[in-house]
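Subject: Structure handover

Hello,

I am passing this structure on to you. Please look through it first; my notes on what was found follow below.

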Amino acid sequence: MKSLLDITIWIVLIAHLFMALVAAWRVWRGENSLSRLAGLDLASTLTIAVFVIISIIRANIIYIDVAIAAAALSYISTIALAKYISDHRVF
Amino acid sequence: MSHTLQFSVPLFLVYLALTGNVEPANLVVGALVAVGISLLRPKMDLPLIHWRRLPQFLWAGIRYLFIVAGDVIRGGLSTARIVLDPNLPINPGIIAIPSGTQSELGTALSAHSISLSPGEMVVAIDDEGVMYTHCLNVDDSERMVADAQNLRKSLLSRMFE
Amino acid sequence: METVLQLLAFLLLVLGTLFSLIGVIGFIRLPDVYTRLHATGKVSVFGLVFLLLAADILTPLATWKALLLIFFVLAASPAVAHAISSSAYRTGVPLVGKRDDLKGKLEVGQEKD
């Protein structure tokens, strides 16, 4: 059971990194800026997932703190960018 | 229950979850931080919940959470079926859903739980509280949406009135 | 007990990864911004929450922090989807599909960049 869990979690980590690359491809080749922004949001969500997986692998709670900070920053910056693209001002 | 108390108790719980120890010094600092932040909050028009109505509020809130969870799981499975279908059977569009409540908080919570379930997403809300919702499959959503919104509305009004 | 918890964590990890994979496939396959946001929401609501529940079981001491992050993700991801879609509608990104009840109700500008 233990070794199965270890192997699974590495596969999960590699799958999430690959999916983040796919999302980044959409940022590079998007048809308009909002499509790119949606790709950026997806990539940052997957990055938060990678932090959570690292916290499981290292069995260390500190990476969940990193994930909380990354989540706060990425959600706020995505909302600010979306508002900037449509209104040309942030607040 | 005053507004300050209603604000600072959840903030205190968040502080405890973030720091994760229950030494007396940390409890005191957390209480000070929570009360300080809730004194500095901007003016908001939020409903006040009376002590005697707290059990009713919690009961309606828990039922609301379960209904939202059911919606989310159903929406996720149907979206998964659409995405994995080789023909991509989507029929997207924007439909208008009247929220049925006058309060801003009720409209905002309804919009949140609609957007949370994959397959439906609120694009804009006008002044009368009509939520313009983008759906992956217009016909399905339009059939279900009236009943779901009635259920949400009754639970939300039981929570905040 | 230990084995049951580990089995549960294993199932949560596999399910979360599968849902994330479906979300990313949908993100690539679906035709426009609005429909793609549905797929993005699936990644954050199912993929991330299932991973966090697995972390809740496997990482020592993580219980309350992981639950807090779950609450935060569930509160914030609809706001992000709404912000992107409303911004897309107001900059005039075209909509795939026939029905549009919102047409003419918002002032739609041109995207300048």
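Helices (H or I, at least four residues) and strands (E, at least two) are DSSP runs, numbered from the N terminus. This is a predicted model, in which local features need pLDDT of at least 70 and side-chain atom pairs count only at pLDDT 80 or more, while totals for chains, interfaces and linings use all residues. Residues are numbered from 1 along each chain as its sequence is written, and chains are lettered from A and ligands numbered from 1 in the order in which they are written.

Chain B

Chain B has five helices and three strands, and along the sequence they follow the pattern α-α-α-β-α-β-β-α. The radius of gyration of chain B (taken over C-alpha atoms) is 19 Å, well over the 15 Å that the globule rule (2.2 Å times the number of residues to the power 0.38) gives for 161 residues, so chain B is more spread out than a compact globule. Along the principal axes, its C-alpha atoms fill a box of roughly 60 × 35 × 30 Å. Of the 161 residues in chain B, 30% are buried, meaning that 20 or more other C-beta atoms, placed from the backbone, lie within 10 Å of the residue's own. Two residues are in contact if their C-beta atoms, placed from the backbone, lie within 7 Å. Of the contacts in chain B with a separation of 6 or more, 68% are between residues 24 or more positions apart.

Chain A

Chain A has three helices and zero strands, in the order α-α-α from the N terminus. Its radius of gyration is 16 Å, well over the 12 Å that the globule rule gives for 91 residues, so chain A too is more spread out than a compact globule. The box filled by the C-alpha atoms of chain A is roughly 55 × 25 × 15 Å along the principal axes. Buried residues are 37% of the 91 in chain A.

Chain A with chain C

The contact takes 40 residues from chain A and 46 residues from chain C. On the side of chain A, the elements that give two or more residues are α1 (2-28), α2 and α3 (62-87). The largest share, 14 residues, comes from α2(A). By class, this side of chain A has 28 nonpolar (Ala, Val, Leu, Ile, Met, Phe, Trp, Tyr, Cys and Pro), three charged (Asp, Glu, Lys and Arg) and nine polar residues (the others, Gly among them).

Regards

Notes
Buried ≥ 20, exposed ≤ 12 C-beta atoms within 10 Å, placed from the backbone.
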